[in-house]
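Good morning, and thank you for coming. Today I shall walk through one protein model, beginning with a pair of charged side chains. Please have the sequence and the structure in view.

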Amino acid sequence: MKLSLISLLIGSAAAFAPAPSAKTSVATNAALDDLKSIAEKSNPVLKFYDPLELSSTTIWGNSNDETIAFLRQSEIKHGRVAMAAFVGYIVQSNGIHFPWPIAFDGTPFPSAAGSPPEQWDALSPAAKWQIILFIGFLEWYSEAGGTHYMRGGVPGAYPKFSDGGMIPHPVPFNLFDPFGFSKNKSAEQKASGLIKEINNGRLAQIGILGFLSEQRIEGSVPLLKGLVAHYDGETMAPFA
């Protein structure tokens, strides 16, 4: 759960887009137009809100449209992590886990340790490193596989494991849509699904941070008071 929290700390940015200036290129105007369309569909009331002017900046020597692609990728990715973390928090809080042990010596899942952060604390260092390294591999593959989202790729599109020959052995399922449920959907259905995913991801980021905030500071989230157990550990120190 701490890993999920760490992954969430880059804020939502996909809805931010001011009016394009006269100096913006045709490509950048197209990126801002896409951003405007997504923002209006995801929040018809707020539409645009960019107090930090993220959509008009550039990072690491890249163009503005490449920067927008980075921000869109960031929001989609962290929204997905937050959705997994939110559901995982609820599942773990109710003592639900796989029936098999987590180690060859028969060590069971640490559901008896308490809340999800306490369950993380109860894991062995080897188990924590396995999780961290696996997440690191997924992050590396998302940057190295396929067409990069800042170089003409699609923000949020995770590369297939079967493409590129980067994995030396067959992988039966892809990380995104492993069972192929969305491959035959129309462009309109996929666009609608993206809006739903962005909104659900934004809510999940608020939700998981709300859980962890209430655990550390009782009463900080009044709606959760008495629903989540107090946690005395350090959520920002995965190996503490």
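Let us start with Glu75 and Arg202, whose side chains meet in a salt bridge at 2.6 Å, N to O. A salt bridge here is a side-chain nitrogen of Lys or Arg within 4 Å of a carboxyl oxygen of Asp or Glu. Because Glu75 lies in helix 3 and Arg202 in helix 6, this pair ties together parts that are 127 residues apart in sequence. Helices are DSSP runs of H or I with at least four residues, strands are runs of E with at least two, and both are numbered from the N terminus. Are Glu75 and Arg202 buried or exposed? Both are buried; that word means under 20% relative accessible area, whereas exposed means over 50% and partly exposed is in between, with a 1.4 Å probe and protein chains only.

Residues are numbered from 1 along each chain as its sequence is written, and side-chain values use heavy atoms, with hydrogens and water left out.

The pLDDT is the predictor's confidence in each residue, from 0 to 100. Its mean for the protein is 85, and 88% of the residues reach 70 or more. Over residues 1-28, however, pLDDT stays under 50. Where pLDDT is low, the predicted coordinates should not be read in detail.

As to the overall fold, the protein has six helices and zero strands. Of its 240 residues, 33% count as buried.

I return now to the charged pairs, of which the count comes to five salt bridges. One of them joins Glu66 and Arg151, with the closest N and O atoms 3.6 Å apart. Glu66 lies in helix 3 (residues 64-93) and Arg151 in the loop between helix 5 and helix 6 (187-216), so this pair ties together parts that are 85 residues apart in sequence. Another joins Glu234 and Arg216, at 3.9 Å between the closest N and O atoms. Glu234 counts as partly exposed, at 35% relative accessibility, and Arg216 likewise counts as partly exposed, at 31%.

Finally, consider Gln119, in helix 4 (residues 116-122). Gln119 is buried, with a relative accessible area of 7%. A polar atom of the Gln119 side chain lies 3.1 Å from the backbone oxygen of Gln92.

Note on methods
Predicted model: local features only at pLDDT ≥ 70, side-chain atom pairs only at ≥ 80, totals over all residues. Contact = heavy atoms within 4.5 Å. Polar contact = N/O pair within 3.5 Å; in protein donor to acceptor, adjacent residues only side chain to side chain.
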